[in-house]
Structure formats: C-alpha cells, structure tokens
Amino acid sequence: MNSSIPVITIDGPTASGKGTVAHLVAQHFGFHVLDSGCLYRLTALSALRRAAPLNDEHAIAKLGEHLQCHFSGTHVFLGNEDVTAAIRAEEVGNTASRIAALPMVRHALYGLQQSFRKAPGLVADGRDMGTVIFPHARLKVFLTASVEARAQRRYKQLIDKGFSASMQDLSKDLAERDARDMNRASAPLKPATDAHLLDTSGMSAEEAVAQVIGWYLAL
Ligand code: C5P
C-alpha cells in the first residue's frame, strides 16, 4: 500500500526556498522529490509552444493530462528535449500561475503527482501538497519569506542561469503571482491547518533544512 510510504510536504509562495529545502531534506533521508510547480511549468510551456488560448480550460487540461515528460537527475525533459532552462523563464512561470487557477488543469495533474509517492519516501514541494495532493502527509511544512527576500533570491537564480532580470519587475511579478495563487478558488495557496510554519527571510537554506529534519525526527 503506498499510503504507508512517508511523505513530507513543503508548500509556500514563489521563491520562498521550497525547492532547495525539499531537495536537501530528500537527500538527507534518501527520499524521492516531487517539484509539482515543474509540472505546471511543463504544461504552460506546451501551451505557449502550441499557442493554445490560455482560457481554453479543456485544451490546457488535455496538454497536462498527456504531458510526455521525464526527469533525469536535475534535468527535465519534454518529449526528447531538455527543457530544464526553458521552464524557468519568467514568462513560463507567469503562464503556469495563470493555468494553475483552472480546476480541470489541477485535476489533470493529480494522478501524475500521486505517482511520485514511491518507497522509501517522498518530499513534495508546491502550493497544495499538504492541503490537496497529500492531505495525510506525515509532516507538513509551510515556508514563507518577505517579498524583498524572495525577489532577491529569484534575481540571483535568474542571473546565475544567464537570464536578465530587474528587481522592480520581479517584486511586481511575485506580488501578482502570490495574489493569484492565494485568491484562486481551486486549491489556493494556504498553510494546511496542521502545517509547521517557517519564515526563512533571515535564514540560510541549511538552517531551514535542519529545522525540517528536526521536526520529522521528532514525530
Ligand atoms: O513553484 P513554481 O514557481 O515552479 O510554480 C509555478 C506556478 O505553478 C506557481 O506560480 C503556481 O501558480 C503553480 N503551482 C500550483 N500548485 C502547485 C505548484 C505550483 O498552483 N502545487
């Protein structure tokens, strides 16, 4: 029964450090990782490439349902193409946030997300991991950080990857994306009632990881 396989969920807003913390916690326990945002980004990239109208819920959900994606280490493939860098572009992130508000798209990606639950365990990062996808997770964490701290992190990530970026545009995009993620009717971004809250604004990734590992070991 895969319901006995432990899951740690790490939810939170854009650039709160979820991805880094999830990978390091998974590494520590030898668990698998689900970057659920990546699945929304892959669906968004498919939609942009096919010039699918973003308000056509049926068409976008179909793209999500039939995503031909696979993961190899830190690389993400759509069909045979390595799209690891392409899905991180701001346009793809913003489109992902728009299509993620569509209930049929969320439904289409449900089974794929569940399929990541494999022994010996899973660390799942996203917006609704603890509230919708894995409501019985053994440990739920909700990461937050100030808009300034998150814009700074996103700026550094983009520059390191060779993209150009402006702090002002990033702060505006983050605030808009937060508002869309928190105010949508379907699976809005919010902490599960039984989630541990962690504000990472003044914290290093290592400190945040140590806190999550400590919570898990104390269960
Ligand atoms: O986490 P990331 O920024 O890669 O996610 C891209 C977008 O996908 C988010 O802005 C959010 O709108 C959406 N998303 C979601 N639910 C998840 C993960 C991501 O709605 N579990």
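A polar contact is a pair of N or O atoms within 3.5 Å. The legends below describe close-up views of a predicted model.

**View 1**
Arginine 41 places a polar side-chain atom 2.6 Å from an oxygen atom of the ligand. For aspartate 181, a polar side-chain atom likewise lies 2.6 Å from a ligand oxygen atom. In the side chain of arginine 184, an N or O atom is 2.8 Å from an oxygen atom of the ligand. The ligand taken alone exposes 450 Å², and the protein buries 98% of that area.

**View 1. Helix α9 and its buried side.**
Helix α9 runs over residues 167-183, and its 17 residues should span 24 Å at 1.5 Å a residue; the end C-alpha atoms are 24 Å apart, in agreement with that value. Buried in α9 are Leu170, Asp173, Leu174, Arg177, Asp178 and Asp181. These residues lie on the same side of α9 because they cover an arc of only 135 degrees around the axis. On the face turned away from the buried side, α9 carries the exposed residues Gln168, Lys172 and Asn183. The packing partners of the buried residues of α9 are α2 (36-49), α4 and α8 (147-160).

**View 2. Serine 97 of helix α4.**
Helix α4 covers residues 90-99 and contains serine 97. The relative accessible area of serine 97 is 5%, so this residue is buried, the limit being under 20%. Beyond residues up to four places away in sequence, serine 97 touches Arg177, Arg180 and Asp181.

**View 3. Threonine 43 and isoleucine 99, in helices α2 and α4.**
Threonine 43 belongs to α2 and has 0% relative accessibility, so it counts as buried. Apart from neighbours within four places in sequence, threonine 43 is in contact with Ile60, Leu63, Gly64, Leu67, Ile99 and Leu109. Threonine 43 and isoleucine 60 are 17 residues apart in sequence, and their C-alpha atoms are 7.3 Å apart in space. Isoleucine 99 sits in α4 and is buried, with a relative accessible area of 0%. The contacts of isoleucine 99, not counting residues up to four places away in sequence, are Tyr40, Thr43, Ala44, Leu54, Ile60 and Val105. Isoleucine 99 and arginine 153 are 54 residues apart along the chain, and 24 Å separates their C-alpha atoms.

**View 4. Helix α8 and the glycine that follows.**
The 14 residues of α8 reach 20 Å from the first C-alpha to the last, close to the 20 Å expected at 1.5 Å a residue. The buried residues of this helix are Ala149, Arg150, Ala151, Arg154 and Leu158. Their cover includes α2, α4 and α9. After α8 comes glycine 162, with a positive phi near 90 degrees.

**View 5. Backbone geometry at a cis peptide bond and at two alanines with positive phi.**
Most residues other than glycine have a negative phi, and most peptide bonds are trans. Alanine 119 and proline 120 are joined by a cis peptide bond, with omega about 5 degrees. Proline 120 is in the loop between α6 (110-114) and β6 (122-126). Alanine 15, a residue other than glycine, has a positive phi near 60 degrees. The loop between β1 (7-11) and α1 (18-29) holds alanine 15, which is buried at a relative accessible area of 10%. Alanine 187 is not a glycine either, yet its phi is positive, about 50 degrees. This alanine 187 is found in the loop between α9 and β8 (196-199). With a relative accessible area of 15%, alanine 187 is buried.

Definitions and conventions: Residues numbered from 1 in each chain as written. Predicted model: local features only at pLDDT ≥ 70, side-chain atom pairs only at ≥ 80, totals over all residues. Heavy atoms only, no water. Helix = DSSP H or I, 4+ residues; strand = E, 2+ residues; numbered from the N terminus. Buried < 20%, exposed > 50% of the residue type's maximum accessible area, 1.4 Å probe, protein only. Contact = heavy atoms within 4.5 Å. Expected span 1.5 Å × (residues − 1). Arc of directions from axis to C-beta. Polar contact = N/O pair within 3.5 Å; in protein donor to acceptor, adjacent residues only side chain to side chain. Areas by Shrake-Rupley, 256 points an atom, 1.4 Å probe, with all protein chains shown as cover.
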